[in-house]
Amino acid sequence: MATPANRTSGHLRDAPSVGPTSVVETSCPLDCPDACSLAVTVRSGRVINIDGSHKNPVTEGFICAKVRKFGERVYGPDRILHPAIRKGRKGEGRFKRVLWDEALELIADTFRNTKAAAGGASILPFSYGGSNGLLTQDNLDAQLWRRFGTSRLARTVCAAPTGAANMALYGKMPSVTFQDYPEAALIILWGVNPSASGIHLVPYVREAQKRGAKLVVVDPRTTALGRAADVHLAVKPGTDVAVALAIHRHLFTTGHADEAFLGSHTHGADRLRERAEPWTIERAAEVAGIEAAALERVARFYAERSPALIRCGWGLERNRNGGNAAMAVLALPAVGGKFGVRGGGYAMSNSASWGLDNTWIDSPEPETRLVNMNHLGRALTEYDDPPVKLLFVYNCNPAATIPDQRRVIRGLEREDLFTVVFEQVMTDTALYADVVLPATTFLEGYDFAKAYGPIYLDLARPVIDAVGEARSNADVFGELGTRLGLLGEDEPKGELDLVVRVLDALPETIGEDLRAGARPSPPFGTAPVQFVDVFPNTPDRKVDLFPAALESSAPIGLYRFQPDPANERYPLALISPASDRTISSTLGELPRPDVKLLMHPGDAEARGLAEGDLVRVFNDLGEVHCPLNVAAAIRRGTVSLPKGLWRRSTRNGATATALVPDALTDLGGGACFNDARVQVASLATA
Ligand code: SF4
């Protein structure tokens, strides 16, 4: 057997045409705001169709094209069907099939030996949002790592700066939900493209427009909603903070700041006002590379229209100023007095809205080494106190998604590193594994799907049996915990135990509703009005507009702007936004049309490039080879490659992350994907 991946049981299109057919209800727990309710058609034990249902009212019976094709992952040629041990060189992808028992015993032995030789901190668990289900992450896995005393992982590749800002300002107060968007008279979509990621928001935005709402889109690209917007601010990546501060200044200087609200519900407004003062409309527009008149129009809209809603996305956080950008954007409704009405306020992640604090993990977090996941390359190649000797990867594909790809891969190539990859399909990272373990997909087990857009929680049920010998995260982490002697007799050791434990640990009515197959609701309902039904989860329920801790942790303080890192050699900003093909990098294994670099016609002409040319996109960290797409759908000076590409998607096996420095954002330790500065040249002339 060459690889466990090449043993396929066929594609969705090979599904049986006869046999008993049923439709099974479940929910999508993937890393997407919507958590759709699904109706999955199964014939003779195989998935033949995946569609939306109506249990989650936001799903409205439709789902994205990505999950419609999920069967191609379940039954596709890349699916890992058996445990396997490396036979060839790292990266080569040659493995030998073994029994589960053999693989788990080898892993447990290596855990013990590694800890004995170099300490628990030499073991690095590495995971991110391959699934957002409550069983697949931060559950028995977290308990295992804590009890064994491994290094801890700061899971900061996404949402860390916006999360830090939302926490500091509002204690992650629940957001305005989709159903209330049509109530707004102004919607600002800032750094978010729901047409690609979170499609169920789009009809609500369109409905608001039909009812007369103005729409503003802030994005360096012209997205579908950008085209439909009243104002599209195609800002330079990394300049959102300046734009938001100019709107603050406009509010303060034109008498549109809500002084009564600031006086009774906030702290720190004076300090914010001080920091906003230098940001005139003209200065911010110049820094952001946009028309001053367009920015002024947006500032006026925001000052004068109500209810006004800002949907803060994650595009604005992926740069050196990302934390401050999120602070400045999220502070706007407090300064403008936009709370207290349906359809007014802000919307961000609603992931914390249920107040579930993972009480099912009953082990305290040890004070072991904390590794920022954006520094994986450094951790594998430079850390020596102790060096990382064992890497356990699950729910993610760091060889494709973590900054400084070359260094990450150099680290994965280390012969003295023992790498376990527990995955559904043969990812770029799995090719470097010493042991590969097959994981179930969400269609093959139980999970709790929690939306972070709408307020929705569901118990997702298995639709089909596990494919091949795949096992669930809960089963595997329970088994490893048992082998390492870390689980008490009465503790959950697998998926079914864990479903019961989580149901028992959830607040009473929520657990009961889920058991009954009903839709649970948090105490404040599913469409709260900010500052009416919900308030900041801060100690005094006020908004802290100038949190001292963040002022001292940000490199040059709060509401400050760090200049663009471009230079003469690398003048172009490379962004890598979400696409309509993958959910983060999930489904990146599926065939897709040629991946192209998007470039403005003016930039192409200046370099003598034309549509379809093969180009190299390069900087000192690496280079990516791919065809060129020349279109005015992106601002001049910025180029774009899709997020979540696998290495097979480009001509030279490198993705956008090969060009991204592993610098961290000003707040939250996030990834600076949009601080990649590059040059582009024809591959023919290179
Ligand atoms: S990825 Fe998002 S839009 Fe697609 S099915 Fe899952 S929740 Fe729905």
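This is a predicted model: local features need pLDDT of at least 70, side-chain atom pairs count only at pLDDT 80 or more; totals for chains, interfaces and linings use all residues.
**Reading a sheet, a helix and a ligand shell**

Reader: How many bridges join strand β6 (residues 123-127) to β15?

Author: Five, and the two strands run parallel. The general idea is that strands of a sheet pair through backbone hydrogen bonds, either parallel or antiparallel. Here, two strands count as paired if DSSP finds at least two bridges between them. Strands are DSSP runs of E (at least two residues), helices are runs of H or I (at least four), and both are numbered from the N terminus. Residues are numbered from 1 along each chain as its sequence is written, and side-chain values use heavy atoms, with hydrogens and water left out.

Reader: Which residue of β15 is the bridge partner of Ile123?

Author: Leu390. On to β16 (residues 418-423): five bridges join this strand to β15, again in parallel, and Phe392 has Val420 as its partner there.

Reader: What order do the strands of the whole sheet have?

Author: It's an open sheet of six strands, β5-β4-β17-β16-β15-β6, with mixed pairing. β5 (95-97) and β6 sit at the edges with a single partner strand each, so one side of each has no neighbour in the sheet. On average, neighbouring strands are turned by 20 degrees against each other, direction ignored; the axes are lines fitted to C-alpha atoms, and angles between N-to-C directions run from 0 to 180 degrees.

Reader: Is β15 buried or exposed?

Author: Buried means under 20% relative accessible area, exposed over 50%, and partly exposed in between, using a 1.4 Å probe and protein chains only. Five of the five residues in β15 (390-394) are buried. Leu390, Phe392 and Tyr394 are on one side, Leu391 and Val393 on the other.

Reader: What should helix α12 (residues 292-304) span?

Author: Expected span is 1.5 Å times one less than the number of residues. For the 13 residues of α12 that gives 18 Å, and the end C-alpha atoms are 18 Å apart, which agrees. Buried residues of α12 include Leu295, Val298 and Phe301.

Reader: Which residues are around the ligand?

Author: "Near" means having a heavy atom within 4 Å. The shell is Cys28, Cys32, Asp34, Ala35, Cys36, Ile63, Cys64, Val67, His200 and Ile583.
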